[in-house]
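Here are a few friendly notes to read alongside the model. Keep the structure open and look up each place as you go.

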Amino acid sequence: MGSSELLIALDRDSATPLQQQVCDQVTLLVRSGQLRPGDAVPASRELALQLDVSRTVITRAYELLRAHGILTARRGSGTRVAGLAGGVPSGARRSAPAALAPQPPRSTDDGNSLWQPWEPAPTHHPGTGLDFRHGTPALANFPVARWLQSLQEAYGRADAAALGYGPAEGSPTLRTEIATLVRQSRALDASADRIMVTGGATQAMDILVRLLVRPGDVVVIEDPSHTVLRQVFGCSEATVVPVPVDEEGLRVGDIDACVRAQGHDPARVKLVYVTPSHQFPTGFIMSEGRRLALLDWAYKRGATVLEDDYHNEFTFTAERLPALAAARHRDTVVYVGSFSKTLFPALRIGYAILPPHLVQPFLGIKWITDRLTPTVDQEALAHFIATGAYTRHISRMIRLYRQRRSRLIEALLEHFGSEVRISGEAAGLHVLVTLTGTRGATEAGIARLAADRGVRIYPASGYFVQDLPTEPTFLMGYAALTTARITEGIALLAAVVREVKSCPE
């Protein structure tokens, strides 16, 4: 089984040496059951890249752990956890209710700006090279040859059953690999039978809406939020209520007031959607206090929290919290993840980790919507993860994205100085950029002039329902651009802004 990213945060201001901190935290992961006997741990080079420390720190930590009998190293099988137990048995589970019949979707686009499809179309001119579109990973750096090996392996082993209709819940092999990934990197201990493989994260959200929401119910979303998300929830017969976010994430204390302001009873909230590890589009990370408050609120209201662990793999600071679903949430959290940004969007493989009482109802809807997610692709992905190729790819991408992110921030500060605000730089594949010295110029005007100069940038106001930005704000992705192209693009953008300031609209 392949190793994955470990949930380790180093305190560089501590008097404790870094190698001792690594040693202590790996020991804690083993004793808590997040790492189990036989699990592979990342190679020293990969963990050093993840934690942004020298390889010597990790090799010394591993030496200490082997000396204490916590890790073992064998030629050909890498470094693995020795036979130290420490798992915690699962608690009592709620009984499963009868499956709820899905309701047919209806359009709610009655001219309300909440439902207007604002998301810009993908560029049709990739050759221009100066497209700061968000959500696009560095596809040119994807290890296609290595992926082909996994595909060939999967097809080489495929029998009649694998080529036929597989289980609606997904490949058992892939579900087991996902269970290990989220346990090690997100501290989320879930058995494979609670993991449902889906056609991307969007399908998982669509099924949950059909399953949980009825006419007259309320769905709470973050404001700002992704427009595709609004449309998924807007096709239900529920009322969708946006609740503001700030630097600590969703303002949980405002939920009841926002729902009442729309004329509804907070007791009718059935679903709360959050992106706690990297809020879209602001990039804020939900604080520990807000997480606990949300779980407490949801439990008391009988609501389900939908955690979209957006871009959790790409975190660039020491502030790396476990998944919300890793907390004691008393079966109130559904965790949704995807391989679209870590590998490539066309793969269309995501997953949902469900409380036990939702497994069978979820499967019932999955079965009638698409029967199954392509089976052989799942087997190829399981092989890609199990052989360590996935972890190696993530490590390389973290290093690459850290360089590109730094270049973008440096270039913005070089050209705009005090007249730019940047948020969301702690994680993810984009930053939110506000230009503060443009003297009344509009987002659309700046974006249009930039496009004329060969630079594509994307206004952010369309993601907000209330409290729109008062100054031109843009979502700027950097993952697919080289540092040289980023430098060139920001220089051109700065020239555009100077032109706008000299001749405002």
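1. Pro224 sits in the loop that links strand E4 (218-223) to helix H8 (227-234). Helices (H or I, at least four residues) and strands (E, at least two) are DSSP runs, numbered from the N terminus. The peptide bond from Asp223 to Pro224 is cis, with omega near 10°.

2. Before going on, a word on the source: this is a predicted model, where local features need pLDDT of at least 70, side-chain atom pairs count only at pLDDT 80 or more, and totals for chains, interfaces and linings use all residues. Residues are numbered from 1 along each chain as its sequence is written, and side-chain values use heavy atoms, with hydrogens and water left out.

3. Another cis peptide bond joins Phe280 and Pro281, with omega about 5°. Look for Pro281 in the loop between strand E7 (269-274) and helix H10 (288-301).

4. Is Arg330 buried or exposed, or in between? Arg330 is partly exposed, with a relative accessible area of 45%; buried means under 20%, exposed over 50%, and partly exposed in between (1.4 Å probe, protein chains only). Its phi is near 55°, a positive value in a residue other than glycine. Asp467 also has a positive phi, near 50°, and counts as exposed at 62% relative accessibility. Asp467 belongs to the loop between strand E13 (458-459) and strand E14 (473-477).

5. Now to the inside. A nonpolar core is a set of buried Ala, Val, Leu, Ile, Met, Phe, Trp, Tyr and Cys residues joined through side-chain atoms within 4.5 Å. The largest one has 90 residues, of which Leu294, Phe339, Ile457 and Ile490 touch the most other members. Helix H13 (residues 389-416) gives the largest share of this core, 11 residues. Apart from it lies another core of 30 residues, including Leu211 and Phe362.

6. How do H13 and helix H15 (residues 483-502) meet? Their axes (lines fitted to C-alpha atoms over the stretch in contact, with angles from 0 to 180 degrees between N-to-C directions) come within 9 Å and cross at roughly 25°. That makes H13 roughly parallel to H15, a label for angles under 35 degrees. Contact means heavy atoms within 4.5 Å, and among the residues making it are Leu408 of H13 and Ile490 of H15.

7. Finally, find Gln203 in helix H7 (residues 200-212). Gln203 counts as buried at 14% relative accessibility. Leaving aside neighbours within four places in sequence, Gln203 is in contact with Thr198, Lys366, Thr369 and Asp370.

How values were computed:
Parallel < 35°, antiparallel > 145°, perpendicular 65-115°, else oblique.
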